[in-house]
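Subject: Structure handover

Hello,

Here is the structure I promised you. Please open it beside this email and follow along.

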Amino acid sequence: MPRVHSPAPGPRAPNDWPGHSGPAIIAHGGGNTVPLAHDFLHQGADFLEVDLWLREGQFEARHERRMRWLPVLFEKWYLRRVPGGRYGLDELLTETAEHDAGIFLDLKNGGANAAALLRRVLARTPHPRRVVASSQQWLALRSIRELLPDVETFYSIDVRAKLD
């Protein structure tokens with residue numbers, strides 16, 4: 001299995017940054033909507049995890065998969081309509097700009113295109129903060145390492161079989 005390399009001298013854990021001790025508090029799905037982001041930030045989250053899907057050249061923040069050609073999102077046990085308005089990484093960064101919490105990206109699709117879009121989004125973000133990227137797509141992670149060497153990358157595993 002390929003290994004994704006982090007900046008020298010070695011990979012840093014999400015809780016390894018100046019002035020922080022103990023485990024990092026990662027708000028799983030906390031960046032998927034504005035109300036969740038604000039709620040978790042006010043509760044002291046160190047990172048907002050956001051699920052990002054590349055769709056029509058933009059990031060969409062949502063956990064569910066989208067049914068092609070239909071305004072329906074689905075997960076294993078439910079369906080829901082696509083919410084009105086657009087909400088993605090740009091909007092998350094704007095809405096949370098006054099906070100210092102890091103952003104923990106879970107890139108769901110897009111490969112190298114997702115990495116290129118991530119570089120463009122972060123380049124136009126005035127408030128620098130720590131960004132960590134995870135994915136189950138090696139191409140996306142390799143492309144991020146190449147285009148954004150300061151963004152730490154982690155391969156995400158959802159079932160034990162992927163360790164083999």
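Arg55 is partly exposed, with a relative accessibility of 27%. (Buried means under 20% relative accessible area, exposed means over 50%, and partly exposed lies in between, using a 1.4 Å probe and protein chains only.) Glu60 is buried, at 15%. The side chains of Arg55 and Glu60 meet in a salt bridge, at 3.8 Å from N to O. (A salt bridge is a side-chain nitrogen of Lys or Arg within 4 Å of a carboxyl oxygen of Asp or Glu.) Side chains of opposite charge can pair when their charged atoms come close. A network of salt bridges links Arg55, Glu56, Glu60 and Arg62.

Before you go on, note that this is a predicted model: local features need pLDDT of at least 70, side-chain atom pairs count only at pLDDT 80 or more, and totals for chains, interfaces and linings use all residues. Residues are numbered from 1 along each chain as its sequence is written, and side-chain values use heavy atoms, with hydrogens and water left out.

Other salt bridges

How many salt bridges does a search of the whole structure find? It finds 8. One of them joins Lys108 to Asp106, with the closest N and O atoms 3.1 Å apart. Lys108 is partly exposed, at 26% relative accessible area. Asp106 is buried, at 10%.

Glu152 and Arg130 form a salt bridge too, and their closest N and O atoms are 2.5 Å apart. This pair links distant parts of the chain, 22 residues apart. Glu152 sits in strand S9 (residues 152-155), while Arg130 sits in the loop between helix H3 (111-123) and strand S8 (131-135). (Helices, H or I with at least four residues, and strands, E with at least two, are DSSP runs numbered from the N terminus.) Are Glu152 and Arg130 buried or exposed? Both are buried.

Strand S2 and its partners

Now look at strand S2, residues 47-55. S2 is mostly covered, with 8 of its 9 residues buried. Which strands pair with S2? (Two strands pair if DSSP finds at least two bridges between them.)

- S1 (residues 26-27) runs parallel to S2, joined by 2 bridges. Ala27 has Leu48 as its bridge partner in S2.
- S7 (residues 102-107) runs parallel to S2, joined by 6 bridges. Leu48 has Ile103 as its bridge partner in S7.
- S3 (residues 58-61) runs antiparallel to S2, joined by 4 bridges. Leu52 has Ala61 as its bridge partner in S3.

S2 and S3 form a hairpin with 2 residues between them. Glu56 lies in that turn and has a positive phi of about 55 degrees. Glu56 is also part of the salt-bridge network.

S1, helix H1 (residues 34-42) and S2 make a right-handed β-α-β unit. (Right-handed means that, with the strands pointing away from the viewer, the path from the first strand over the helix to the second runs clockwise.)

A buried loop residue

Where is Leu148? Leu148 is in the loop between helix H4 (138-147) and S9. Leu148 is buried, with a relative accessible area of 13%. What does Leu148 touch, not counting residues up to four places away in sequence? Its contacts (heavy atoms within 4.5 Å) are Ala115, Leu118, Arg119 and Leu122. Leu148 and Arg119 are 29 residues apart along the chain, yet their C-alpha atoms are separated by 6.7 Å.

Best wishes
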